[in-house]
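Open the model in your viewer and keep the selection panel at hand. This tour tells you what to pick next and what you will find there.

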Amino acid sequence: MEEHLIGPLLLARSTVDRSALRRGDADWLKEVWARPTTRVLVIHDGHTLVRRQGDDVEAVLYTSDDAPEGERYLLGVEDEVAYFAVAAPLPGIDGEADGRVTVPSNLADTPEGRPVVAGLRQVGGLLGDRDAGLLVYAVALEAWHATHEFCPRCGSRTAVEAGGHIRVCLSDGSQHFPRVDPAVIMLVRDADDRCLLARGPQWPEGRLSILAGFVEPGESLEHAVVREVAEEVGLTVVAPRYLGSQPWPFPRSLMLGFFAEATSTRLSVDHEEIAEARWYSRDELSHALATGELRLPPAVSIARRLIETWYGGPLEGDW
Ligand SMILES: [Zn+2]
């Protein structure tokens with residue numbers, strides 16, 4: 001069959017220039033922070049403040065004067081405006097600053113302009129391109145910094161440098177860079193162009209997705225696809241084909257999407273990573289979605305996009 005390019009990948013819509021060549025310049029960072037045009041996204045435990053403006057949802061951004069104190073990360077520059085994230089309790093959210101207050105399921109019900117707390121899973125697909133990109137980036141950086149206060153070599157404290165893109169050990173001077181964990185996610189097809197869907201052991205009945213797993217040290221992406229499918233459902237796959245990627249900073253994955261072709265249809269489910277798996281034709285899938293017997297991953301996920309790319313159009317029904 002003919003495939004379309006995968007998309008749209010809602011968490012891969014970054015528009016700002018990351019200014020990688022300038023973020024090591026401390027004077028420049030100080031200067032852009034002080035600009036009245038600079039805008040700051042406050043990030044706390046993966047959450048930020050958003051508000052509804054008409055039909056749009058936007059991130060609440062502060063001037064550097066109004067932003068709370070906290071670790072500062074340069075997110076980049078767009079149209080002469082510099083964007084930072086500050087890791088700090090969310091302004092005006094007393095006592096609930098651990099981010100557990102979440103956006104109502106229907107943002108349209110909140111008064112226009114009123115800031116509400118939201119995480120990437122909730123609003124990653126609702127924000128515009130610029131704000132979605134800023135939030136993905138801020139969530140990823142915050143999660144890395146939160147777990148790298150100490151040097152992995154000697155255990156001493158580390159300090160933020162280069163606008164949040166390096167932590168430097170205060171004792172031995174070693175530099176540590178934000179890490180990303182590559183994970184492959186693959187839509188496996190059989191000779192009849194059916195798609196394999198599976199349920200994780202902790203998931204409720206009816207919640208299905210495609211297979212995925214982390215790339216291991218010393219392994220190529222293609223090998224990871226073949227190994228994970230064999231481990232989880234006992235199938236041999238060939239011809240893994242890369243379709244696209246998006247960050248999934250929960251806390252630091254990069255999802256790399258593939259199609260792969262199974263050489264047989266006989267499944268042998270491992271029951272540790274997978275509770276059940278079965279093949280779906282397009283008709284079987286749309287029927288199962290229509291009856292509600294099956295639900296697919298949400299629109300912000302690359303899994304959803306891979307399934308819709310195989311299916312050939314949008315599908316109903318979210319987790
Ligand atoms: Zn050290």
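Select β5 and β6 (residues 81–87): seven bridges join these antiparallel strands. Strands here are DSSP runs of E, at least two residues, and helices are runs of H or I, at least four, numbered from the N terminus. Pick Glu 78 and you find Val 81 of β6 opposite.

This is a predicted model, where local features need pLDDT of at least 70, side-chain atom pairs need 80 or more, and totals for chains, interfaces and linings use all residues. Numbering starts from 1 along each chain as its sequence is written, and side-chain values use heavy atoms, without hydrogens and water.

Widen the view to the open sheet. Four strands follow the order β4-β1-β6-β5, with mixed pairing. Strands pair if DSSP finds at least two bridges between them.

Next, select helix α1 (residues 26–34). This helix packs on the sheet and touches β1 (39–43), β5 and β6. A contact means heavy atoms within 4.5 Å.

Now colour by pLDDT, the predictor's confidence in each residue, from 0 to 100. The protein chain averages 93, and 94% of the residues score at least 70. Over residues 95–100 the pLDDT is below 50. Where pLDDT is low, the predicted coordinates should not be read in detail.

Last stop: arginines over rings. Arg 207 lies over the face of Trp 203, 5.2 Å from the ring centre. The criterion is NZ of Lys or CZ of Arg within 6 Å of the ring centre and within 35 degrees of the ring normal.

How values were computed: Axes are lines fitted to C-alpha atoms, for helices over the stretch in contact, and angles run from 0 to 180 degrees between N-to-C directions.
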